[in-house]
Amino acid sequence: MDHISDDAAVMHHSGAPGAPDTRLSRRVSSWALRSSPGGAAGAPGAADPRAPDGDTLGAHAARQVLRLCEAAGLSGTDSAGYARTLLTVLGPAAERPLHLPPPDESFLSDDHTPVEFSLSFVPDGEPTLRVLLEPGYGAGSLAQNGRTGLRVVREMARRWGFDTTRLDGLEDLFFPPDPQGPLALWCALELLPGGVPRVKVYLNPAASGQERSAETVREALRRLGHRKAFASLPEGDRHLFFALDLGDWEEPRVKVYLAHHDLSAAEAAGLSRVDGGSGRPQVRRFFRTAAGHGADPYGLDADGLDGNGNGNGPDLRLDRRPVQSCHAFTETASGRPSGFTLYVPVRDYARHDGEALDRAVAVLGRHGMDTGPLLRSLAAVTSRPLEDGVGLIAYLGLAHQQGRPPRVTAYISSEAYAVRPPAAAPAARPEAVR
């Protein structure tokens, strides 16, 4: 395993004893951020007479966004603008005090926080900061959740001047009168310099029932012109998400996510349907590193893989939370995907976040990516010792896109409501798919 920096070691062991606390000491008032729609917010520590007496979901998440934007090198104006956007997307839920239990059992995170952050890394470049949000959180019903999400996305489209025609054409498929499943609509924002994010939406293939999810995905692809795409997908245990890029994307993608239970590294490496094989040895090595199959407690060497990504031990299966795959489609003629991503739920295969960070650092280092932004981002989100919980780093993802270098993404939990306790040993735990 690659050696981590002194900064990472401090994060592992610093902090006062006692119950883990993810709340950062500098408060941010969501009211203060909303009060100046055209300009930057005041200093995070500044008093504001309109601030709520207790910490709120919005204040907690906005505080994290401000610090993450700073860690990612965004300007103060952009940072404040994105914090205001987050508060607007969360709507009334932003003002809900955190001492109250979550109003919904959001599928977006383990503790039901409707916010997740991620950093997307490329070699020799700055990572991109993203935030995933559930606009309809706390709406009272799944149907109302979806209607709220659609309204918020359309308001974004008017504000930033992008088209929602592709999403509008799928409304009857993903927003039936009596929807089923764990989600209605999620929205992801890529926080770019200049204050205008790239927007993605995530929809639920099981909205009309799990048994109809494949049919829903097939019809959605057909309507978007990808008539041959469904046949290109690998087998999976179920369809998780159907996603669309909206707005200013160089090549807008349609993406299909699948869950894969009891997957091995060799099987993971064979999931890609991108022409050219999409780096099978890299996928296999990534899988084993992220899952901890290259180090204790599995009895393997720290980096005991040959040039083909094969290990010196058994090809173990991930039998708790399933691995996810994503195939991205950009052109309609061939039916072949142009991108493939594998997501390993590292939090279910690590004892604590210190282990998860070690694995993330090893993956980034192997791909020639700077680990500093990840360390700064974890410090921006929480002050708790990493050994005090498992789930701050939720997923690690490896993406291959035709004509581009591999991309690694680390998904970071907000932990607004709870910290998942560390695991005493790597024994199987009940599945809880996000």
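**Terms and source**

I call a residue buried under 20% relative accessible area, exposed over 50% and partly exposed in between, with a 1.4 Å probe and protein chains only. I note that the model is predicted, that local features need pLDDT of at least 70 and side-chain atom pairs pLDDT 80 or more, and that totals for chains, interfaces and linings use all residues. Residues are numbered from 1 along each chain as its sequence is written, and side-chain values use heavy atoms, with hydrogens and water left out.

**Entry 1: backbone angles in two loops**

I looked up histidine 112, whose phi is near 70 degrees, a positive value in a residue other than glycine. Most residues other than glycine have a negative phi. Histidine 112 sits in the loop between H4 and E1; helices (H or I, at least four residues) and strands (E, at least two) are DSSP runs numbered from the N terminus. With a relative accessible area of 23%, histidine 112 is partly exposed.

I then turned to aspartate 124, where phi is near 60 degrees, again a positive value in a residue other than glycine. Aspartate 124 belongs to the loop between E1 and strand E2 (128-133). Its relative accessibility is 82%, and aspartate 124 therefore counts as exposed.

**Entry 2: salt bridges**

I counted a salt bridge where a side-chain nitrogen of Lys or Arg is within 4 Å of a carboxyl oxygen of Asp or Glu. The count comes to 27 salt bridges by this rule.

One of them joins the side chains of aspartate 110 and arginine 321, at 3.3 Å from N to O. This pair links distant parts of the chain, 211 residues apart: aspartate 110 is in the loop between helix H4 (76-90) and strand E1 (115-121), and arginine 321 in the loop between strand E8 (317-318) and strand E9 (323-329). Aspartate 110 counts as partly exposed at 32% relative accessibility, whereas arginine 321 counts as buried at 1%.

I also recorded glutamate 190 and lysine 200, whose closest N and O atoms are 3.8 Å apart in a salt bridge. Glutamate 190 lies in strand E3 (residues 185-191) and lysine 200 in strand E4 (residues 198-203), so this bridge ties together parts ten residues apart in sequence. Both glutamate 190 and lysine 200 are buried.

In a further salt bridge, aspartate 245 and arginine 253 bring their closest N and O atoms to 2.6 Å. Aspartate 245 and arginine 253 are both buried. I noted one network as well, in which salt bridges that share partners join Asp110, Arg321, Arg347, Asp348 and Arg420.

**Entry 3: aromatic rings**

I took rings of Phe, Tyr and Trp (its six-membered ring) as a pair if their centres lie within 6.5 Å; planes under 30 degrees apart count as stacked, over 60 as edge-to-face and the rest as tilted. The structure holds nine aromatic pairs. Phenylalanine 107 and tryptophan 186 make a tilted pair, with 6.0 Å centre to centre and 35 degrees between the planes. Phenylalanine 107 is in the loop between H4 and E1 and tryptophan 186 in strand E3, 79 residues apart. Phenylalanine 107 and tryptophan 186 are both buried. Ring pairs link a cluster of Phe107, Trp186, Tyr202, Phe241, Tyr257, Tyr343, Tyr395 and Tyr411.

I found arginine 198 over the face of tryptophan 249, at 5.4 Å from the ring centre. A charge sits over a ring if NZ of Lys or CZ of Arg is within 6 Å of the ring centre and within 35 degrees of the ring normal.

**Entry 4: pocket and cavities**

I searched on a 1 Å grid over the protein atoms alone: a cavity is a set of points where a 1.4 Å probe fits but cannot get out, a pocket is an open set with protein on both sides within 12 Å along at least five of seven lines, and lining residues have an atom within 4 Å of a point. Grid points are joined across faces, edges and corners, and a volume is the space filled by probe spheres set on the points.

The largest pocket holds about 510 Å³ of space. Its lining has 18 residues, with Glu190, Arg198, Trp249, Arg404 and Arg407 nearest the centre.

I found four cavities of 30 Å³ or more in the whole structure. The largest cavity holds about 310 Å³. It is lined by 28 residues, and Arg130, Tyr202, Tyr257, Tyr343 and Tyr411 lie nearest its centre. Strand E10 (residues 339-344) gives the largest share of this lining, four residues.
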